[in-house]
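Come along, and I will jot down what I find.

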Amino acid sequence: IEFIDHSPSCFHVIENARKQFLEHGFMELKEKEYWDLEEGKSYFVTRNGSSIIAFHLPKKAFQGFHIVASHSDSPTYRIKEQPEMSVEKHYTKLNIERYGGMIPETWFDRPLSVAGRIIIEENGQIKDQLVNIDRDLMIIPNLAIHMNRDVNKGVGINNQVDLMPVLDSIPEDERTTDYFLSFLARELSVEKGDIIDFELNTFCMEEPCFVGVNDTMISSPRIDNQSSCRALLDAIEDGNRADGINIIALFDHEEIGSSSKQGAASIMLHDMLRRILRNMDLSENEIDESIYDAMLLSVDVAHALHPNKKEKMDITNMPVMGKGFCIKQACSQSYATDAQAIAILCQLCDEKGIPYQRFVNRSDSRGGSTLGSIAGTLLPVKTVDIGIPILAMHSACELMGVRDMKALSDCVTAFFGYLGK
């Protein structure tokens, strides 16, 4: 809950991960600098401030990579350049666009705010500065039913018309030029003219909370996929495998297809493995051989059985919240389906008493996808998709089971301590 509450954007996810690593003795590397790695030490490297890879080197001889990957981004709305719009010289709105496949109607009538990063000029230097406006800043108001009588019949939503949030209702003669940028400058104690650019998204101001008579569920924004990020961060610190290399990767841009320099479809992970192996005094032939001595877990949320729409679930595979994480399979390879990898994971969880379930899509419906198959095309090793089952996926607020979080963390931690191959 704390992690989600302090991570309103992908940039905050990575910065919070970075701080945690530094507190636990990890050393930060730079991609454009020379690496001199030491046995028994832990390291991390970031890209674009929105992706991170962390790893631990063994003290003994190398016996393969155990890799766990997830994504740092969540469905949201991004603020466009020159976003201000005036309506009848009284309201100020912001021009925004959809990022990922969210459920737009869940964003209406909720207090929203702004987070991300701005690029500023300081003494002739370009610098990043994180933004988290922790206050109820704006709202997307619904149209009253009296003016939209068909609203409960499933009326379509126009992204460019219906989803513009109201920032303020001050008359135009009381507003400054570049009202939104002026506000940002005041909040961040910088000059408006020093703001060169920004990458900002809206976020739902509702705080994570326990739900249920016995607090068995958590309602929260961004469970997809910060629940997985939290599990990976815990596991890389707790997992102990003396003869192998443990790695986690938190990639950006999964929600829009992973195709970016910091996404899972980039060569970032493959390059990291080669750089690590080159620091182990291996020949090129040994590097080429060793890079495939690996297994990959792709961790992203799964769909739980919906209590009001059980017909949407597969007829023989119905995972529910509170019964453990899901192993996700799809013959279409939208989820990485690798029987060997699944067998290893099932055996490991059975030995440790970690609860898990199976998820597949109905045969007459198209499900979602993850970064597992994408990463596997660039690093063709044993791969399996897993994640906690949730409800209201891609809503402004999602729902998860408390027990499933522990099961997922235990699974990834056990994988990092797994001595088999």
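How do the residues of the lining of the largest cavity divide into nonpolar, polar and charged? I looked that up and got nine nonpolar, nine polar and five charged. A reminder to myself: this is a predicted model.

Entry, the count. I searched for cavities of 30 Å³ or more and found two in the structure.

Entry, the largest cavity. I noted a volume of about 180 Å³ for this one. Its lining is made up of 23 residues. I then checked which of them lie nearest the centre, and wrote down P8, S74, P75, T76 and R222. Next I asked which elements supply at least two residues of this lining, and they are β5 (76-87), β10 (195-204) and α4 (223-238). Of the elements, β10 gives the largest share, with four residues.

Entry, the second largest cavity. Here I read a volume of about 50 Å³. I listed the residues that line this cavity: F251, A264, S266, L269, H270, A375, L378 and L379. Two or more of the lining residues come from α5 (268-278), and α8 (372-378) likewise gives two or more.

Which classes make up the lining of the second largest cavity? I counted six nonpolar residues and two polar ones, with no charged residue.

Notes:
Residues numbered from 1 in each chain as written. Predicted model: local features only at pLDDT ≥ 70, side-chain atom pairs only at ≥ 80, totals over all residues. Heavy atoms only, no water. 1 Å grid on protein atoms, 1.4 Å probe; cavity = no way out; pocket = protein on both sides within 12 Å on 5 of 7 lines; lining within 4 Å. Points joined across faces, edges and corners; volume = space filled by probe spheres on them. Nonpolar A, V, L, I, M, F, W, Y, C, P; charged D, E, K, R; others polar.
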